[in-house]
Amino acid sequence: TPFCLQLVDEIDSTNRSLRQECAVHGTVLAAEWQTAGKGRLGRQWIGSLGGSLLFSVVWRFSGGMTRLAGLSLALGIALTRALEKKGYQGTGLKWPNDVLCPKGKLAGILIELSGDALGPVDAVIGIGLNLRLSPEERIHADHAADLSDCSGPSPERNALLAAILNELADILPRFDQDGFAPLRTEWEARHLWQGEQAKLISADGKESRGRIIGVAEDGALRLAGEDGLKVAYAGDVSLRKV
Ligand code: BTN
């Protein structure tokens, strides 16, 4: 799929805009600035004027909703592959789809789906990557890091966007065909919290603790708790170290 790229100075949210327009497969919208950037779990996403890459991609998957388990993890792989190819070291993944460097969170991914159980599913995939945050933005955005925290060249925004789109063009059709299973080993190799003690917090505030032992073939997180193995799906859950 050739991507069709649109660039704007300011928008409320690239995800929201593409959803509202019902933009077609392959549309990419990148913004210099978002006035209402959205993060996962209803959080806000803070970008930096000139120092962030903020964009969304529309992709139509052939499967049904259930075949999209693991999509967020596949996208994390695409981002870290692109960063690695551009010469940044020490980046890795946190389940389900944060890209981290040792200092904190470098990038986030927000996926919004529409479709049904059997038919094609349209995904709006939003990516926010911090290139250079100002000191104030670092304080506002909890645990945020930027590319200056990773060893590597000084970031060039257009080249980074191109590198990420290349990786997406590679991974998305494969994922549509084969799902997450073939990517599982690579995901675990890039996973920074493998073996860590962590707690999983669901939307209703329930916590479950355990040691992270990896991910399943459908992208579910596997935790070894006191009362046995637990499996969690990326939905309205967040994960913290304990
Ligand atoms: C997260 O909470 O980790 C996901 C953050 C996703 C942010 C990006 S920035 C571009 C796109 N537009 C939005 O409103 N959100 C996503």
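## Where α2 meets α4

Let's start with two helices that touch. Leu71, Ala74, Ile77, Ala78, Leu79, Arg81, Ala82 and Lys85 of α2 are in contact with Ala163, Ile164, Glu167, Leu168, Ile171 and Phe175 of α4 (contact means C-beta atoms, placed from the backbone, within 7 Å). Sorted by class, this meeting place has eleven nonpolar, no polar and three charged residues. Here Ala, Val, Leu, Ile, Met, Phe, Trp, Tyr, Cys and Pro count as nonpolar, Asp, Glu, Lys and Arg as charged, and the others, Gly among them, as polar.

Two packed helices are described by the angle between their axes and the distance between the axes. For α2 (residues 71–85) and α4 (residues 157–178), the axes come within 9 Å and cross at roughly 145 degrees. Axes are lines fitted to C-alpha atoms, for helices over the stretch in contact, with angles running from 0 to 180 degrees between N-to-C directions.

## What you're looking at

This is a predicted model: local features need pLDDT of at least 70, side-chain atom pairs count only at pLDDT 80 or more, and totals for chains, interfaces and linings use all residues. Residues are numbered from 1 along each chain as its sequence is written.

The protein chain has five helices and twelve strands (DSSP runs numbered from the N terminus: helices are H or I with at least four residues, strands E with at least two). Its C-alpha atoms fill a box of roughly 50 × 45 × 35 Å along the principal axes. Of the 242 residues, 39% are buried, meaning 20 or more other C-beta atoms lie within 10 Å of their own; exposed is 12 or fewer, and partly exposed is in between, with C-beta atoms placed from the backbone.

## Around the ligand

The ligand is surrounded by 20 residues, and the closest are Ser13, Gly39, Gly108, Gly126 and Gly128 (near means a C-beta atom, placed from the backbone, within 6 Å). Elements giving two or more residues to this shell are α1 (14–21), β3 (52–61), β6 (104–115) and β7 (121–130). By class, the shell has six nonpolar, ten polar and four charged residues.

Glu84 sits in helix α2. Glu84 counts as partly exposed because 16 other C-beta atoms lie within 10 Å.

Thr27 belongs to strand β2 (residues 27–34), and with 18 other C-beta atoms within 10 Å, Thr27 is partly exposed too. Leaving aside residues up to four places away in sequence, Thr27 touches Cys4, Leu18 and Val58. From Thr27 to Ser134, 107 residues apart along the chain, the C-alpha separation is 30 Å.
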